[in-house]
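Please open the model in the viewer and keep the selection panel at hand.

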Amino acid sequence: MTYEIIRLVDRPDLMDRAAQWFHEKWGIPPEAYRESMEACLTLENAVPQWYLAVEENRIIGGMGVIENDFHDRKDLTPNVCAVYTEEDKRGQGIAGALLDAVCTDMGERGIGTLYLLTDHTSFYERYGWEFLCMAQGDGEPEPARMYIHRLS
């Protein structure tokens, strides 16, 4: 399997496809993704940023970095968000490769720490993330796990 990790800033032509792909995975309106992606493409700030794993012109994985991933810990920023790998591509290291690329890129942009809110346990630890605390997601009945990754 050959795939490429792409920063949206390097391939702005993928913005509409990416916004639709993330919408299909998470149910958030594509316009919300487009708005964040357009902010990414202005190159004015380190955050937001968006990343894709693409195999033969098919998006097989992706994630973003935004200020807050819809939770009550506004002090824990920026957040990796919308982490997704297509079901038929899971278990092949794609999410790990994306996480590594995101951490490298964010470090180069001067970001020293990233946060991530998830229901998963043990997955992110494989990639150097540490459990930090529980945080309440907006509209969620139960708190979720907040992870931290120090880049420097």
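**A helix across the sheet**

Select H3 first: this helix lies across S1, S2, S3, S4, S5 and strand S7 (144-150), and runs at about 40 degrees to S3. Here contact means heavy atoms within 4.5 Å; axes are lines fitted to C-alpha atoms, for helices over the stretch in contact, with angles from 0 to 180 degrees between N-to-C directions. Helices (H or I, at least four residues) and strands (E, at least two) are DSSP runs, numbered from the N terminus.

The model is predicted: local features need pLDDT of at least 70 and side-chain atom pairs count only at pLDDT 80 or more, while totals for chains, interfaces and linings use all residues. Residues are numbered from 1 along each chain as its sequence is written, and side-chain values use heavy atoms, with hydrogens and water left out.

**The sheet**

Next, select the strands. They form an open sheet of seven, in the order S1-S2-S3-S4-S5-S7-S6, with mixed pairing; two strands pair if DSSP finds at least two bridges between them. Strand S1 (4-7) and strand S6 (130-135) stand at the edges with a single partner strand each, so one side of each has no neighbour in the sheet.

Select S2 (residues 49-55) and S3 (residues 58-66), which run antiparallel and are joined by seven bridges. Within this pair, Trp50 stands opposite Gly64 in S3, and Gln49 has Val65 in S3 as its bridge partner. Two residues lie between the strands of this hairpin, where Glu56 takes a positive phi near 45 degrees.

Val65 has Val80 as its bridge partner in S4. As for S3, eight of its nine residues are buried, that is, under 20% relative accessible area (1.4 Å probe, protein chains only).

**The largest pocket**

Finally, select Trp26, Cys81, Ala82, Val83 and Leu117, the closest to the centre of the largest pocket among the 41 residues that line it. A pocket is an open set of points on a 1 Å grid over the protein atoms alone, where a 1.4 Å probe fits, with protein on both sides within 12 Å along at least five of seven lines; lining residues have an atom within 4 Å of a point. Helix H2 (30-41), strand S4 (79-85), helix H3 (94-108) and strand S5 (113-118) each supply at least two lining residues, and S4 gives the most, with six.

Technical notes
Buried < 20%, exposed > 50% of the residue type's maximum accessible area, 1.4 Å probe, protein only.
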